Amino acid sequence: MRPEVGSLLGAIVVIVFFYITAPAIRSLGSVSTVLYQSSTLGIMAVGVALLMIGGEFDLSAGVAVITSALTASMFAYQFTANVWVGVAVALALSLSIGAFNGWMLVRTGLPSFLVTLGTFLMLQGINLAITRLVTGNVATNDVSNMAGFDSAKAIFASTFTIAGADVNVSILWWIALVAAGTWVLLRTPAGNWIFAVGGNAASARAVGVPVKRTKVLLFMTVGFCAWITGMHQLFAYNTVQSGGGVGLELEYIVAAVVGGCLLTGGYGSVVGAAIGALIFGVVSQGVVYAGWNPDWFKFFLGAMLLLATLVNMFVRYQVDRK
Amino acid sequence: MNASPIVELREVSKFYGNIRALSSIDLTVRQSEVTCILGDNGAGKSTLIKIISGLHPHDSGIMRVNGDEVSFASPREALRCGIATVYQDLALVALMPVWRNFFLGSELASGVRPFRYLDVGRMRLTADAELKKMGIALADIDAPVGKLSGGEMQVVAIARAVYFGARVLILDEPTAALGVKQSGVVLKYIAAARDAGLAVIFISHNPHHAYLVGDHFVVLNLGRLELDAERNQLSLEQLIRHMSGGAELQALEHEMGRA
């Protein structure tokens, strides 16, 4: 059984459910909104799923998105540079944060839960403190009048029209990253190593897999996804709230787990994580279109997570049984 | 049977702090032979194979591989000399398919860096063919290794070592955790590997298993060589006697007047 089968069934159930109970979700515009909602989560879920298959998690992933967006925005604004300079600096920083997480992990042997919990708190503090220090405010200044803004917005946050529905470019980023992540995972030596370091790191090392390098690169992949998401947020809203991102790291993990990734590593799929993100999008918008109190969203989410975990446990049991 | 030795140890010793784990061991391993290393827990079997497989360097004495004096700093160096070790935990990843495990760390890939991609078709066919050569026909090469029986897992690990050019195969207690039937499967492949021209070093504490496939027997006791004999110089009863304390036991039997 493929890892994404459970989530695919879940997605069908959720889609049918809201198709019936929330007629407003049937329009093409709603579909586009659902996909957009899914993509903002789904881009991060690609990196987080790969990392989880490699046996680790990253609790700093949510606030790292904001760190990236803040960096691009403030750097460009303070130095009155082209926004693309800020975008490049943010990329370097995001990759460095990933590398730092990975390096700390492989050097100290501490669990990734602790290492990235530390990074999570530090980044949360830095986001607030540096933003206040630089702007005197909790949000960054508007960058929409700056040089390079239009081209950056076109790349990261523009919308175009298909059959009368507005489609956000972030959906294309999402699809591209899912395709790339799936190819790497299933069709390259690096993908083989990701499964191996998550499934049994000692065995992988014994047959010559570069375990440490693989883990560091996985954390840097999460950094790369955080950069894309951060740039999307910056150029979609023109300013960044420095306190954002907290709690999102868990939603990324939920998307990956719902998509069939084992929390303990060694098993899972990028497509599954994308389906997990889609379920998120459908539920969060479906609750709105059905005219219910949005409080119900979290309830659905929790139920979904429990169900997915049970399905995964069943898979694991099938594999372990001789 | 008198080919030149591929691995040769002369007066090799190993200390862990003040504790002498191995003292002055001589060992000769030849191609197309199964060399059995037997002994009780703590006899020094593990230390001996760790030296040959490159996990720990020896402290004194000489180790030669193909006549060249060596001291391995890592398993990778031993591997480069054609010495492959199949550990008890097998270095297999239970959740991964058989063919992915078979090529783990030495994947077949095409294309130009950084866009190298796996030759999935060739990997699956090769893994299947190599396993068939060892007499194992798997229903599904895509099945996770964890679904195979313990004996089949041993065979996958052995077939992998053979395929990747091992000339010396070290098997660490391959039958320890297996039932009678599964042990038989593994012993057959040990013989197959020997017949394919490999030098097999078979570590065991089971003299019955060892005597079924062994050509040459080494018994360790408290870090010393208790016995070093060819098959034709030794009966199973003598081997068992040596294993269960040997001379000491004989002395004890004599003392108790029951011999």
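Strand β9 of chain B (residues 168–172) is largely enclosed by the rest of the structure, because five of its five residues are buried, where a residue counts as buried if 20 or more other C-beta atoms lie within 10 Å of its own, as exposed if 12 or fewer do, and as partly exposed in between, with C-beta atoms placed from the backbone. The model is a predicted one, in which local features need pLDDT of at least 70 and side-chain atom pairs count only at pLDDT 80 or more, while totals for chains, interfaces and linings use all residues. Residues are numbered from 1 along each chain as its sequence is written, and chains are lettered from A and ligands numbered from 1 in the order in which they are written.

Both faces of β9(B) are covered, with B:Val168, B:Ile170 and B:Asp172 buried on one side and B:Leu169 and B:Leu171 buried on the other. Strands (E, at least two residues) and helices (H or I, at least four residues) are DSSP runs, numbered from the N terminus, and two strands pair if DSSP finds at least two bridges between them. Strand β6 of chain B (residues 83–86) runs parallel to β9(B) and is joined to it by four bridges, with B:Ile83 standing opposite B:Val168. Strand β10 of chain B (residues 199–204) also pairs with β9(B) in the parallel sense, over five bridges, and here B:Leu169 has B:Val200 as its bridge partner.

Chain B also contains an open sheet of four strands in the order β2-β1-β4-β5, with antiparallel pairing. Strands β2 (19–30) and β5 (68–69) of chain B stand at its edges, each with a single partner strand, so one side of each is left without a neighbour in the sheet. Between β1(B) (residues 5–16) and β2(B) there are eight bridges in the antiparallel sense, and B:Val12 is bridged to B:Ile25 in β2(B).

Two packed helices are described by the angle between their axes and the distance between the axes; the axes are lines fitted to C-alpha atoms, for helices over the stretch in contact, and the angles run from 0 to 180 degrees between N-to-C directions. In chain B, helices α5 (residues 150–163) and α6 (residues 180–195) pack at an angle of about 15 degrees, with their axes 8 Å apart. This makes α5(B) roughly parallel to α6(B), given that angles under 35 degrees count as roughly parallel, over 145 as roughly antiparallel, 65 to 115 as roughly perpendicular and the rest as oblique. Residues are in contact if their C-beta atoms, placed from the backbone, lie within 7 Å, and among those that meet are B:Ile158 and B:Val162 in α5(B) and B:Tyr189 and B:Ala193 in α6(B). The residues of this contact divide into seven nonpolar, four polar and no charged, with Ala, Val, Leu, Ile, Met, Phe, Trp, Tyr, Cys and Pro counted as nonpolar, Asp, Glu, Lys and Arg as charged, and the others, Gly among them, as polar.

In chain A, helices α4 (residues 83–108) and α5 (residues 112–135) pack at an angle of about 140 degrees, with their axes 9 Å apart, and are therefore oblique to each other. Helix α11 of chain A (residues 248–258) is mostly covered, nine of its eleven residues being buried, and just after α11(A) the residue A:Gly260 takes a positive phi of about 105 degrees.

Definitions and conventions
Two residues are in contact if their C-beta atoms, placed from the backbone, lie within 7 Å.
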